[in-house]
Amino acid sequence: MPVDIDHRPVILTGDRTTGPLHLGHYVGSLKNRVALQHTHRQYLLLADTQALTDNASDPAKVRRNVLEVALDYLAVGIDPGQTTICLQSGLPALAELTLLYLNFVTVARLERNPTIKDEIQARGFGRDIPAGFLCYPAAQAADITGFKANVVPVGEDQAPLIEQTNEIVRRLNRQAGRDVLPEALALIPAVGRLPGVDGKAKMSKSQGNAISLSATPDEIRDAVRRMYTDPHHLRASDPGTVEGNVVFTYLDAFDDDHATVEDLKARYRHGGLGDALVKRRLEDVLQTLLAPIRERRAAFGRDPGHVLNLLRAGTATARERTQATLDELRACLGLFTFEEAGVGTGH
């Protein structure tokens, strides 16, 4: 076996393949991933298996979005030479690790996970929770530990999943008698969760309040025009509220001219600045940001065979790494193997 001489910290991150990615993904994780791929050993997981936990009735949706999400990765600047992009369903070791980890966590602990509790309530499952969805923390622990990741970029709402992963890691390491698996650090971005254009919830594909990374100029313009501002700011001369104003939230996230944004906030609060002018600035910022991403995405999309070959190569690399982790863990836990059973196979 070749010696691994890459000693950079390992990052594992990814997305469920339920639809094209949007600006919330960009500001929350994609922008960081592009930067971190130069200083870390990064694995990017197309989580099609996890997408089935609440989309089992529509597997075609999950299948067709594998390529869509991959195109978004490449379009924003993920470099396959720096980042290993891989398909979760092509990594059988992760499924076996998930099954193993379910023996080291209770149903009560899974149900207490704040992230899972919130998602169960938001989706209206009641007690009809798909078992795969309830077991999501164990599956994510398998993803993270399968790559022996040290760092996992997540939103603040996902931090409890990392905490539960580390609980499982500590229990397994105690059982093995040594530190087989590393604990992971949650890397939470400075910019919080991006609200939807309606201002009522986080930006979400399912809520229909998202701006996709592949949005056309007209779609961007329409989304900005519909953005929630201050309902009491009826005239430009009226003092307005910046807090909770989606337009200013987006300017904070995407406009690099922070001094000008602060000046606009002051003028808006004082009165004398209309919503139309602020929205026009935000539209210009978003058009400038998304135009090159859209163009690169279209260019990659013209050669889907090339993209699939990149995914195939990345998945092969990831399969080797995750299988090595599984083999090591099985050995440390003393699980049965034919090789060590000492039973001959001759007649």
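**Strand β2 and its surroundings**

Isoleucine 11 stands opposite glutamine 42 in β2. From β1, the chain passes through helix α1 (residues 23-36) to reach β2, and this β-α-β crossover is right-handed. The model described here is predicted. Strand β1 spans residues 10-16 and pairs with β2 in the parallel sense over seven bridges. A further position in this pairing is glycine 14, whose bridge partner in β2 is leucine 45. Of the seven residues of β1, five are buried, and the strand is mostly covered.

Strand β2 also pairs with strand β3 (residues 83-87): the two run parallel and are joined by five bridges. Leucine 45 takes part here too, with cysteine 86 as its bridge partner in β3.

Strand β2 comprises residues 41-47, and seven of its seven residues are buried. In a regular strand, side chains alternate between the two faces of the sheet. In β2, one side carries Arg41, Tyr43, Leu45 and Ala47, and the other carries Gln42, Leu44 and Leu46. Both faces are covered, with the residues on each side buried.

The loop between α1 and β2 contains glutamine 37. This residue counts as buried because its relative accessibility is 1%, below the limit of 20%. The side chain of glutamine 37 reaches the backbone nitrogen of aspartate 79 at 3.0 Å. Neighbours within four places in sequence left aside, glutamine 37 is in contact with Arg8, Gln42, Gly77, Ile78, Asp79, Gln82 and Thr83.

Five aromatic pairs were found in a search of the whole structure. One of them is formed by tyrosine 43 and phenylalanine 147, with 4.6 Å from centre to centre and 35° between the planes, and is tilted. The two residues are 104 residues apart in the chain: tyrosine 43 belongs to strand β2, whereas phenylalanine 147 is in the loop between α8 (136-146) and β4 (151-153). Both tyrosine 43 and phenylalanine 147 are buried. In another pair, the ring centres of phenylalanine 336 and phenylalanine 338 are 5.4 Å apart; their planes meet at 85°, so this pair is edge-to-face, the limit for that class being over 60 degrees. Phenylalanine 336 counts as exposed because its relative accessibility is 55%. Phenylalanine 338 is exposed as well, with a relative accessible area of 72%. The two pairs can therefore be set apart by burial, with over 50% relative accessible area taken as exposed and under 20% as buried.

Helix α10 (residues 217-225) was examined for its buried and exposed sides. Ile220, Ala223 and Val224 are buried in this helix. These residues lie on the same side of α10, because they cover an arc of only 95° around the axis. The buried residues of α10 pack against α13 (275-301). Asp218 and Arg225 are exposed, and are carried on the face of α10 turned away from its buried side.

How values were computed. Residues numbered from 1 in each chain as written. Predicted model: local features only at pLDDT ≥ 70, side-chain atom pairs only at ≥ 80, totals over all residues. Heavy atoms only, no water. Buried < 20%, exposed > 50% of the residue type's maximum accessible area, 1.4 Å probe, protein only. Helix = DSSP H or I, 4+ residues; strand = E, 2+ residues; numbered from the N terminus. Pairing = 2+ DSSP bridges. Right-handed = clockwise from strand over helix to strand, strands pointing away. Arc of directions from axis to C-beta. Contact = heavy atoms within 4.5 Å. Polar contact = N/O pair within 3.5 Å; in protein donor to acceptor, adjacent residues only side chain to side chain. Phe/Tyr/Trp six-rings, centres within 6.5 Å; stacked < 30°, edge-to-face > 60°.
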